[in-house]
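Visitor: I would like to learn how to read the strand pairing here, and I would be glad to be taken through it step by step.

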Amino acid sequence: MTNDKTILLGAVAYDPKVVTIWEGMREHFHEQGVSMDFALFSNYERQVEELLSGHIDVAWNTPLAHVRVKQQTHGESLSLGMRDSDRDFRAKVLVRRDSGIKSLKDLEERILAVGSLDSTQARILPLYFLAKEGIDLSRVTLLPFDTDLGKHGDTGTSEIEVLKALQEGLADAGTVGDLIWVNEQAAGHIDASRIEVFWTTPGFDHCMFDGNPGLSPEKTEGFRRALMAMRWDNQKHRRLLELEGLREWLPPREDGYRSLEEALKQRYQNEH
């Protein structure tokens with residue numbers, strides 16, 4: 001851990017707005033009497049490595065990074081908070097209306113477009129949940145889009161490729177997260193005469209602030225206090241909250257990561 005009183009936070013620079021968000025958050029923390037600074041990383045693997053080595057105090061992590069931190073610290077890392085929008089996240093299985101798919105079982109012997117290998121919402125969990133529904137994934141032809149590996153699907157580019165493949169008829173079905181689906185619909189980028197939502201996965205939780213297991217009580221309390229002091233009805237706070245995609249910061253919970261833990265365990269067993 002860093003030795004001075006300043007909390008050093010790590011975030012992955014998946015979009016230019018990340019700088020704006022964390023400069024604003026740093027100012028907010030200082031207004032709350034908490035010294036905080038941030039370091040940006042190009043990928044979550046390096047960010048997790050630096051958190052575990054103590055070079056940063058806190059990391060703003062994807063669900064995949066959060067679960068890996070928990071596993072590598074044997075559950076001793078500190079979960080510090082999450083967005084309201086991180087709870088009960090879901091993924092969609094989309095189909096072309098002309099695909100003839102009438103049941104999940106019909107996905108077998110079809111082409112399923114999926115997001116990046118490290119995307120929880122566009123690949124890891126949709127495939128896990130489909131298998132739990134009895135789908136033989138070995139009989140499904142996957143069309144993967146492994147873009148921006150290391151960013152764990154944050155950029156959404158692989159999901160955009162999934163949607164493009166569906167609209168162009170390169171795949172019969174595809175998997176995307178709720179957020180991309182809603183945003184692309186709102187932007188008018190979805191041809192509803194060609195594509196429809198066929199199935200929605202069970203809920204799972206998304207991002208989490210992870211603290212190094214040795215983070216001091218003073219830094220831990222200060223971080224939580226400053227984070228939870230943000231209010232939607234404060235215009236200065238709202239600008240940052242909107243950029244980060246939430247209305248309210250919430251306390252952590254772990255139950256929403258159980259499905260991802262199981263999915264990663266199964267992936268490891270299949271690879272070994």
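Guide: Strands of a sheet pair through backbone hydrogen bonds, either parallel or antiparallel. Here strand β1 (residues 7-12) runs parallel to β3 and is joined to it by two bridges, two strands being called paired if DSSP finds at least two bridges between them; Val 58 in β3 is the bridge partner of Leu 9. Strands (E, at least two residues) and helices (H or I, at least four) are DSSP runs, numbered from the N terminus. This is a predicted model, in which local features need pLDDT of at least 70 and side-chain atom pairs count only at pLDDT 80 or more, while totals for chains, interfaces and linings use all residues. Residues are numbered from 1 along each chain as its sequence is written, and side-chain values use heavy atoms, with hydrogens and water left out.

Visitor: Which way do β3 and strand β10 run, and how many bridges join them?

Guide: They run antiparallel, with four bridges between β3 and β10 (residues 208-211), and Trp 60 stands opposite Phe 209 in β10.

Visitor: In what order do the five strands of the open sheet lie?

Guide: The order is β7-β6-β8-β5-β9, with mixed pairing, and the edge strands, each pairing on one side only, are β7 (141-144) and β9 (195-200).
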